[in-house]
Amino acid sequence: MSTDGPIILNGFSMDAVSHVNYGLWRHPADQTYRYNTIDHWVQLAKILDDGGFDALFIADALGLLDTYGGGPEAALRTGTQSPVSDPLLLVSALAAQTSHLGFGVTVSTTYEQPYLLARKFTTLDHLTGGRVAWNIVTSQLESAARNLGLERQIPHDERYERADEFLDVTYKLWEASWEDDAVVRDAERGVYTDPAKVHPINHRGRYFTVLDAHLSEPSPQRTPVLFQAGGSPRGQRFAARHAEVIFVAGADAAGVRRRVAETKALAAEYGRDPESLKFISALSVVVDDTEAGARAKLAEYQSYFSVEGALAHYSASTGVDFSDRDLDSVIDYRDTDSNRSLLSMFADGGRPWTLRDALAPRDGFGRTQNFVGTPAGVADQLERWLAESDTDGINLIHIVTPDSWREFAELVVPELRRRGRVRERPTGPATLRERLQGSPHVRDDHPAAQHRAARYRVPASTP
C-alpha cells in the first residue's frame, strides 16, 4: 500500500449484543443491549459518518455457536453473537440518516439464491445512492446447515465452487440483463421500459438455473462493492478472482503481509491488476489524552473480558471444540469444514501459539491487534501496522459501544487527518466504489465486467 495516502476506515460490528468484544456488554458504559433498536444504530452510523469513516462493516452468523462443549450454552450465557438479528434490514434506515457512509453487509452464498439476493442488493444500492457493499461469505457453522435444509455443511472447498457460480449469476443479472438506457419513462408513447433492452440471462449451471431477466433496473453501482474474507487456500483464490476489498487476518504483521502477497499473486493469474485490490484487517483501539489514562482504561476494559465467550466463538468458527483444552495448550492445524484460516493463522504464525496467546493476550481482546495510547501514539502504531502488514485500512472493533468509535473519531481521526491519512468528504453524492476506487462501476479487469450490457447479448433460450 501507499505509506502516505488515505486509508480505509471501517467500523466493524454485528447486529447482536456482542461481536468480538467478548463480555464487554457488561461494562456500565456499554449500550449494545440496545442493538435491536433503530435509535442505537442511527447513533452509531452518525458517529462514523461525521467522523470520516468510509463504511460500517456488519458481520453476520446464521446459527447458534454450539461447538464449544457440544452446545450453545456458553455462547448464550456470555452473549457471544447471540441473540443476533438480520443486518440487511438495517441499511435503509441508516442510509436515510447519513450522507457519505457506506454499508458493507455480510450475506452467505450457501443459504441464499442469486436471483433473490441480486434484487435485494440492487434495491439497497438504489436506496443508499450507491453506498452498499456485499461481504461475501460461504458460512462456517454446522448449526446453520442443520437449520437451513442440510444434514451437515457442504464441504469447505465445494462451498466456494458454489459461490463462484453464485457470483457469475449475479454478475449477469447486475451487469448484463438491463442496458443503461432500458428505462425510458416516455409518457407520451406510454413506454416505461424498452423491452428490447432487457435481456434474459439464460444461466444453466451445476448449482443454479436462472433463465430470465433481472427484476430491478440498474442501480448506481450496478454491482455492489465486493468485500470478502476467505483466508484458506480456496478462499484466497475466490478473493483473488472476485473481491475488491479483502478482509485479511494473521497472527502478526508478517503473517498478514504474506497472505496479502499470496492473494495479489493469484489476482495477477486471473488477469487482474494486483494493486487494485485493497486489504483491511481488524483491530481495536484504546485511546486517551494521556498514555497513563489509556493504560488505565485498557485495564478496566480487560476486567470485563470473557475468555469463555472467546473460546465459544473460536470453537464454532474453527469447528474444533476447545472446551477440554488448557489455555496454555498449543494451537495445531487440522482440516475442518469450518473456518480453516483462523486455525492456520496461528498454527503457521512462525512460533507456537497457545489459546491464551490467541484469545486472551496481555494487551488485547483476542484474535486482533490492539493499539493503546494517546492520539498521536495510536496513529503512529496504526501507520506502522499498515506499512509492515502491507494493508490499506482497518475494520475498527468497538470494545465499548458507542465510546470506542466516538473516541476514535474525536481523538484519532483528527490526528490522521493532519497526516493526510483520512479521505476528504465528497462535495456531492458519491458511491462507495468511487470513494474507494475512483469509479462507480467495476474495473474492466474484474470478472463482472465481461457481462456489461453494452457488449453482452444472451443467446436465445433453447427448449
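Helix H1 (residues 38-50) packs against helix H14 (residues 403-418) at about 20 degrees, with the axes 9 Å apart. Residues are numbered from 1 along each chain as its sequence is written, and side-chain values use heavy atoms, with hydrogens and water left out.

**Helix H1 with H14**
- H1 passes H14 in a left-handed crossing (the near helix is turned anticlockwise from the far one by less than a right angle; clockwise is right-handed).
- Gln-43, Leu-44, Ile-47 and Leu-48 of H1 meet Trp-405, Arg-406 and Ala-409 of H14; contact means heavy atoms within 4.5 Å.
- By class, this contact of H1 with H14 holds five nonpolar, one polar and one charged residues (Ala, Val, Leu, Ile, Met, Phe, Trp, Tyr, Cys and Pro are nonpolar, Asp, Glu, Lys and Arg charged, the others, Gly among them, polar).
- Axes are lines fitted to C-alpha atoms, for helices over the stretch in contact, and angles run from 0 to 180 degrees between N-to-C directions.
- Helices (H or I, at least four residues) and strands (E, at least two) are DSSP runs, numbered from the N terminus.

**Helix H7 with H8**
- H7 (residues 233-242) and H8 (residues 253-269) pack at about 55 degrees, axes 8 Å apart.
- The two helices H7 and H8 are therefore oblique to each other, and H7 passes H8 in a right-handed crossing.
- Gln-236, Arg-237 and Ala-240 in H7 meet Arg-259, Glu-262, Thr-263, Leu-266 and Ala-267 in H8.
- The residues of the H7 contact with H8 divide into three nonpolar, two polar and three charged.

**Backbone geometry**
- Most residues other than glycine have a negative phi, and most peptide bonds are trans.
- A cis peptide bond joins Ser-82 and Pro-83, with omega about -5 degrees; Pro-83 sits in the loop between helix H2 (73-78) and helix H3 (91-96).
- Another cis bond joins Thr-401 and Pro-402, with omega about 0 degrees; Pro-402 is in the loop between strand E13 (393-397) and H14.
- Arg-185 is not a glycine, yet has a positive phi of about 50 degrees; Arg-185 lies in strand E5 (residues 183-186).

**Confidence**
- The chain averages a pLDDT of 91, and 91% of the residues score at least 70; pLDDT is the predictor's confidence in each residue, from 0 to 100.
- Over residues 458-463, pLDDT stays under 50.
- Where pLDDT is low, the predicted coordinates should not be read in detail.

Terms used:
This is a predicted model: local features need pLDDT of at least 70, side-chain atom pairs count only at pLDDT 80 or more; totals for chains, interfaces and linings use all residues. Angles under 35 degrees count as roughly parallel, over 145 as roughly antiparallel, 65 to 115 as roughly perpendicular and the rest as oblique.
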